[in-house]
Amino acid sequence: VPSCFLERNRILKMPAMLCRACKIKQYEIIGRKVPDAKDPDPKIFKSVIFARNSVVAKTKFWTMMRKQNKVKKTVGQILQIRRIYEKRKPLIIKNYSILLRYRSKTGVMNVTKEFRDVTLCGAVWQMYQDMASRHHARRSDIDIIGTTVLSNMKTTRPAIKQFARSNVKFPLLNHRPKVAKKYRSLFLAYRPRTY
């Protein structure tokens with residue numbers, strides 16, 4: 001879902017919840033090693049990358065290819081790059097589980113994180129912010145292994161479970177009862193009660 005769209009030469013902003021999701025975009029990149037005399041039909045690799053734009057997505061793709069498949073950018077070629085859009089309606093909140101690997105000061109760690117968001121890109125953006133704040137992990141040190149959509153029964157984290165119930169309530173914390181105009185006064189002898 002785009003964060004803003006053009007209509008009659010003016011930019012209309014969408015809700016902040018959807019704008020946050022558009023900071024990270026999902027790309028599918030297909031690439032391979034350049035065919036040569038030794039290997040005329042090289043293996044084709046496909047990867048789903050989360051990045052801000054297509055240039056950063058290509059850089060992440062070649063970093064992953066160099067580490068996992070021993071194919072450098074100088075001897076490789078990209079066959080296709082396309083952006084993946086959400087198929088479902090973006091206003092339905094879903095529980096996302098993200099399996100990732102990140103490099104910390106002590107070594108490489110595997111982590112599973114759960115987030116609630118309306119889009120997968122929004123959940124990945126939350127994950128990057130969470131990893132930066134809790135683990136001091138940079139975006140370049142994080143590799144996303146896989147993502148899944150969880151049902152409310154399969155969530156395990158308490159922070160996600162508390163919003164997964166059907167009877168969740170959000171009480172008004174600063175509620176002041178409305179007084180009729182004839183009973184209002186400018187000065188009161190007591191503090192207003194807001195509970």
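**Legends to close-up views of the predicted model**

**View 1. Ser47 is buried in the predicted model.** The relative accessible area of Ser47 is 10%, and because the cut-off for a buried residue is under 20%, Ser47 counts as buried. Ser47 belongs to strand E4, which covers residues 44-51. When neighbours within four places in sequence are set aside, the residues in contact with Ser47 are Tyr27, Glu28, Ile29, Phe61 and Met64.

**View 2. Strands E7, E6 and E8 form an open sheet.** The three strands are arranged in the order E7-E6-E8, with antiparallel pairing. Strand E7 (108-117) and strand E8 (142-150) are the edge strands, each pairing on one side only. From one strand to the next, the twist averages 20 degrees. In general, the strands of a sheet pair through backbone hydrogen bonds.

**View 3. Strand E6 is joined to E8 by eight bridges.** Strand E6 comprises residues 94-103 and runs antiparallel to E8. Leu99 has Gly146, in E8, as its bridge partner.

**View 4. Helix H3 lies across E6, E7 and E8.** This helix spans residues 120-135 and runs at about 130 degrees to E7.

**View 5. The whole protein gives the setting for the views above.** It contains four helices and eight strands, which follow one another from the N terminus as β-β-α-β-β-α-β-β-β-α-β-α. Among its 195 residues, 28% count as buried. The accessible surface of the protein comes to about 14600 Å², and carbon and sulfur atoms contribute 56% of this surface. Of the contacts with a separation of 6 or more, 56% are between residues 24 or more positions apart.

Technical notes
Residues are numbered from 1 along each chain as its sequence is written. This is a predicted model: local features need pLDDT of at least 70, side-chain atom pairs count only at pLDDT 80 or more; totals for chains, interfaces and linings use all residues. Side-chain values use heavy atoms; hydrogens and water are left out. Two strands pair if DSSP finds at least two bridges between them. Helices (H or I, at least four residues) and strands (E, at least two) are DSSP runs, numbered from the N terminus. Axes are lines fitted to C-alpha atoms, for helices over the stretch in contact, and angles run from 0 to 180 degrees between N-to-C directions. Contact means heavy atoms within 4.5 Å. Buried means under 20% relative accessible area, exposed over 50%, partly exposed in between (1.4 Å probe, protein chains only). Accessible areas come from the Shrake-Rupley method with a 1.4 Å probe; for residues, only the protein chains shown count as cover.
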